[in-house]
Amino acid sequence: MSDHIVLAKKNPAPNTGDLQYMPGFGNDFETECLPGVLPQGRNSPQKCAYGLYAEQLSGSPFTAPRGTNERSWLYRIRPSVRHNGRFETLDLPHWKTAPCLNDHTLALGQLRWDPVDMPTTPTDFIAGMRTITTAGDALGQSGMATHVYVCNADMVDDYFFNADAELLVVPQIGTLRIFTELGIMDVAPLEVALIPRGMMFKVSILDAGADGGARGYVCENYGAKFTLPERGPIGANCLANPRDFKTPVAAYEDKETPCRVLVKWCGQFHVTDIGHSPLDVVGWHGNYTPFKYDLRTFSPVGAILFDHPDPSIFTVLTAPSGEAGTANIDFVIFPPRWMVAENTFRPPWYHRNIMSEFMGLIEGQYDAKEQGFVPGGMSLHNMMLAHGPDAEGFTKASEMELKPVKQEGTMAFMFETRFPQQLTRFAAELPGLQNDYQECWQGLERRFDGTPEGRQD
Ligand SMILES: O=C(O)Cc1cc(O)ccc1O
Ligand SMILES: [Fe+2]
């Protein structure tokens, strides 16, 4: 950690490296780098301690119901408005925003890709964002985009905020250090991080992969914020537990050198100069916060006698759309777990879905695909398009002895949305697009020639 960064110290949690986090989902937190930064019993005293400025960051309308009302109070060296004049437009050609229709000529179909290559020239997290699909309409504050980021350079004097969406970051290779206005999070593969809409941040690569860079997936959520799904009859525990979400303690940079603030706003990018680091929040309190979550702390609940349940049992976070049970986005994982169901075809069933499914693989193998879906790769099974296990997977799962089997060393995930996902031209023209993906189902033969008990071949 460099000299000019100051970190608050508070209730160190175990196993969090040199950074500290506060546990809980949607809590009202408070954290300060110096004693007495936070005013007590009020938000906006005539003079703030240490001469700081008070600034509110509203993540919901003032009048949102208590359950969804989110804001934080930031006590900072300068207010955010202190930058050098107007914004200028900036070109980031690979980061697209919905609606982004008819951008390619690829025919409709089930799609799968090999991993996107690492960049060969210095590329930071923002420049390395490559949009794969867009869905809905960012201006209508609904829908989402899926991206892959590939980067090999740190953001040093560049800072970014996204007015269009919150960002759910899913690293696949390399550990990211995400320095936000509210604190610093280190996020490694098998962890995810959420950066709230409008919150300033920069990303550096803490630990690059073997090929010198970092890669991962991002879900850009234009709609209502990600929250925990209801557990229904599961009760008060399991799935993603609130205390496993970690919000960083306050941290600030006291840096008085030329910097830039980059903004994504209604699908366009803008930049302005600023003479200091905008990550200058010395203390804050509130419930509009970034957080990270370790996917290994997800406690899966599944079938313990027979049948394959709907994958919604594996929902980590859901972003509601306003229509009950119809998510703008569900973030679903397929973690290591025991498969014990008797007399059951255990992998995912053949399926057509009104929701549109984008999938990625962080490590290991996914149980519906024997080959071709590799870590860092992705697949798209769009609205109402049929999909399911490949022929090899079907044969194996139909004939295996159904003793308990542990699926180990695997972590796949899905960004599932109610909106059809529109492919970008970049995705349609990626060299890693598998032209032979359909082949994986061609070995599924006609099977209507068996006995009532099922064909024995
Ligand atoms: O592989 C998929 O398509 C995702 C998926 C997984 C599952 O267990 C059930 C349905 C489903 O769509
Ligand atoms: Fe599916």
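Predicted model: local features only at pLDDT ≥ 70, side-chain atom pairs only at ≥ 80, totals over all residues.
Let me begin with contacts, where two residues count as being in contact if their C-beta atoms, placed from the backbone, lie within 7 Å: of the contacts in the protein with a separation of 6 or more, 78% are accounted for by residues 24 or more positions apart. Residues are numbered from 1 along each chain as its sequence is written, and chains are lettered from A and ligands numbered from 1 in the order in which they are written.

On the overall build, the secondary structure comes to two helices and 30 strands, where helices (H or I, at least four residues) and strands (E, at least two) are DSSP runs, numbered from the N terminus. The C-alpha trace spans about 85 × 45 × 45 Å along its principal axes. A compact globule of 457 residues would have a radius of gyration near 23 Å, and the protein, with 23 Å, agrees with that; the radius is taken over C-alpha atoms, and the globule rule is 2.2 Å times the number of residues to the power 0.38. Of the 457 residues, 43% count as buried, and by that I mean that 20 or more other C-beta atoms lie within 10 Å of the residue's own, whereas 12 or fewer makes a residue exposed and anything in between partly exposed, again with C-beta atoms placed from the backbone.

Now to the domains, whose bounds come from an automatic or database domain assignment. The assignment gives domain 1 (5-295) and domain 2 (298-441), and the C-alpha centres of domain 1 and domain 2 lie 27 Å apart. The contact between them takes 48 residues from domain 1 and 52 residues from domain 2. On the side of domain 1 that touches domain 2, β7, β8, β9, β11 and β16 each supply at least two residues, and β8 gives the most, with seven residues. By class, that side has 26 nonpolar, 15 polar and seven charged residues, counting Ala, Val, Leu, Ile, Met, Phe, Trp, Tyr, Cys and Pro as nonpolar, Asp, Glu, Lys and Arg as charged, and the others, Gly among them, as polar.

What lies in the interior? The largest nonpolar core has 112 residues, and those with the most contacts inside it are Leu168, Val169, Ala250, Phe331 and Phe413. Because domain 1 (5-295) and domain 2 (298-441) both give residues to this core, it lies between them. Here a nonpolar core is a set of buried Ala, Val, Leu, Ile, Met, Phe, Trp, Tyr and Cys residues joined through C-beta atoms within 7 Å. As general background, nonpolar side chains tend to be buried together in soluble globular proteins. Setting aside its neighbours within four places in sequence, Val169 is in contact with residues including Leu176, Val187, Ile195 and Val218.

Turning to the annotations, an unreviewed UniProt entry lists residues 297-448 as "domain: Homogentisate 1,2-dioxygenase C-terminal"; UniProt positions are given in the numbering used here, feature names are shortened, and annotations may be inferred rather than shown by experiment. In the model, the end C-alpha atoms of residues 297-448 lie 44 Å apart, and the span is 9% helix and 27% strand.

The "binding site" annotation, also from an unreviewed UniProt entry, covers His351, Glu357 and His387. These residues span 37 residues in sequence, yet no two of their C-alpha atoms are more than 11.1 Å apart, so they gather at one spot. His351 is found in the loop between β25 and β26, is partly exposed with 15 C-beta neighbours inside 10 Å, and, leaving aside neighbours within four places in sequence, is in contact with His387 and Gly388. Glu357, by contrast, sits in strand β26 and is buried, with 21 other C-beta atoms within 10 Å; not counting residues up to four places away in sequence, Glu357 touches His381, Met414 and Glu416.

I will end with some backbone details. A cis peptide bond, with omega about 0°, joins Ala98 and Pro99, and Pro99 lies in the loop between β6 and β7. Leu239, although not a glycine, has a positive phi of about 55°; Leu239 is in the loop between β16 and β17 and is partly exposed, with 17 other C-beta atoms within 10 Å. Cys266 likewise has a positive phi, near 50°, in the loop between β19 and β20, and Cys266 is exposed, with 10 other C-beta atoms within 10 Å.
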